[in-house]
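User: I would like to learn how to read side-chain and sheet features in a model. Could you walk me through some?

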Amino acid sequence: MLTVYLDQNKWIDLARAESGHPQGVRFVETLAVLKAAADDGRARFPLSMAHYYETGKQRDRRKRDELTATMTRLAGMLRIAPPHVIVPWEIKRALIDSFGLGIPVEKLDLFGFGAAHAAASPSLRYVAPAEYRGVPLPADVRQELQRRVEPEYERVILAGATPDGMPDDRRIILNDMKNVTDDRFVDGQRNVAEALKSIGRRRLSDVMVATAIADIIDPLLRISGQLGVEFNDIVDRMTHLIEAMPSRWVEMRLRQARQANPQKEWSGNDLNDVTALAIAVPYCDIVVTEKSWAAMLTDAKIPARFDHRVIASLDDLVNFLEAIPRPQSPK
């Protein structure tokens, strides 16, 4: 089964096809192929926290509902873990391997279910109540309640919906909560660009490794301390360690490719893209994203390291899916 990560623009194209929007006409057959692939087990289409952020930015509730319906149809409740879960695991594994510590590394639950997994926040998981108005609920009733309510609960979170009777402008918009982080990211990349003007672009690789380490310094120090690894020893192996952390290596190479083109301005949305792609590229078989990112990643041979593909066209995705033999129906 292929794991396929679609960026937000591709989901919008598919949602337009589902809703009958004129701009979605060319994707109607594409959507049918993707539905068939999801249904017969040839492909799965996980969502990440980036999709929650991007969906919430849409101010039109009808469009959010249409987008959420399409996402739910293909992805179901499948979600990919966030960076703050994946990165500490990568750090621990990289340190253990690099220093030959011989300590087993626990399995990473990379894919899971619902917003609780996407955000690594158990409080976002719906759990059927044990009682109603003081009356205990039988196990079969709780099971049925869980089955019926959980998908709707997940839809409400993804769509950024509000309870009946509450105006839509009172909804919680997750994307608004990370604007400060977006601004800090943009400022940081601009500072790096200015520093490179002073020290020269021949030092670009060194600067990228240093900033990649700086980005993870808190969990790196914590985990290295737990493992008994001295930070001075880490300094001598910074490049090797980043290369041993798939998501951090991809994130670094993405920033490096952008910094190599100083004419291209950074924006707040770049943080969402870089964060999502850094996880998707090493851990999903196919990533379908916008042309500029796809070209940048492919030209730098980043997906090739993992034997994965990054493409910009849903048509190319259809070709990949149709090349996979369909499972035989039981006789």
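User: Which residue forms a salt bridge with E54, and how far apart are the closest N and O atoms?

Analyst: A salt bridge here is a side-chain nitrogen of Lys or Arg within 4 Å of a carboxyl oxygen of Asp or Glu. E54 pairs with K57, and their closest N and O atoms are 3.3 Å apart. Both belong to helix α3 (residues 49–57), where being three residues apart separates them by about one helical turn. Helices (H or I, at least four residues) and strands (E, at least two) are DSSP runs, numbered from the N terminus. Please keep in mind that this is a predicted model: local features need pLDDT of at least 70, side-chain atom pairs count only at pLDDT 80 or more, and totals for chains, interfaces and linings use all residues. Residues are numbered from 1 along each chain as its sequence is written, and side-chain values use heavy atoms, with hydrogens and water left out.

User: Is E54 buried or exposed?

Analyst: Buried means under 20% relative accessible area, exposed over 50%, and partly exposed in between (1.4 Å probe, protein chains only). E54 is buried at 16%, while K57 is partly exposed at 35%.

User: How many salt bridges are there by this rule?

Analyst: The count is 15. One of them joins E144 and R148, at 2.7 Å from N to O. These two sit four residues apart in helix α7 (residues 139–159), about one turn of the helix. E144 is partly exposed at 29%, and R148 is exposed at 59%. Shared partners also join R61, D65, E152 and R155 into one salt-bridge network.

User: Where do K92 and E106 lie in the chain?

Analyst: Their side chains form a salt bridge of 3.3 Å, N to O. This pair links distant parts of the chain, 14 residues apart: K92 is in helix α5 (residues 83–98), and E106 is in the loop between α5 and β4 (111–113). K92 is partly exposed at 23%, as is E106 at 42%.

User: What does S98 touch?

Analyst: Contact means heavy atoms within 4.5 Å. Leaving aside residues up to four places away in sequence, S98 touches R237, H240 and L241. S98 lies in helix α5 and is buried, with 14% relative accessibility.

User: How do I read a pair of aromatic rings?

Analyst: Such a pair is described by the distance of the centres and the angle of the planes. Rings of Phe, Tyr and Trp (its six-membered ring) pair if their centres lie within 6.5 Å; planes under 30 degrees apart are stacked, over 60 edge-to-face, and the rest tilted. Two aromatic pairs are found by this rule. Y126 and Y153 are tilted, with 5.6 Å centre to centre and 50° between the planes. W249 and F306 are edge-to-face, at 6.0 Å and 70°. W249 lies in helix α13 (residues 246–259) and F306 in the loop between α15 (291–299) and β8, so this pair ties together parts that are 57 residues apart in sequence. W249 is buried at 10%, and F306 is buried at 17%.

User: In what order do the strands of the open sheet run?

Analyst: Strands of a sheet pair through backbone hydrogen bonds, either parallel or antiparallel. Two strands count as paired if DSSP finds at least two bridges between them. Here four strands follow the order β2-β1-β7-β8, with parallel pairing. At the edges are β2 (43–44) and β8 (309–311), each pairing on one side only. Strand β1 (residues 2–6) and strand β7 (residues 286–288) share three bridges.
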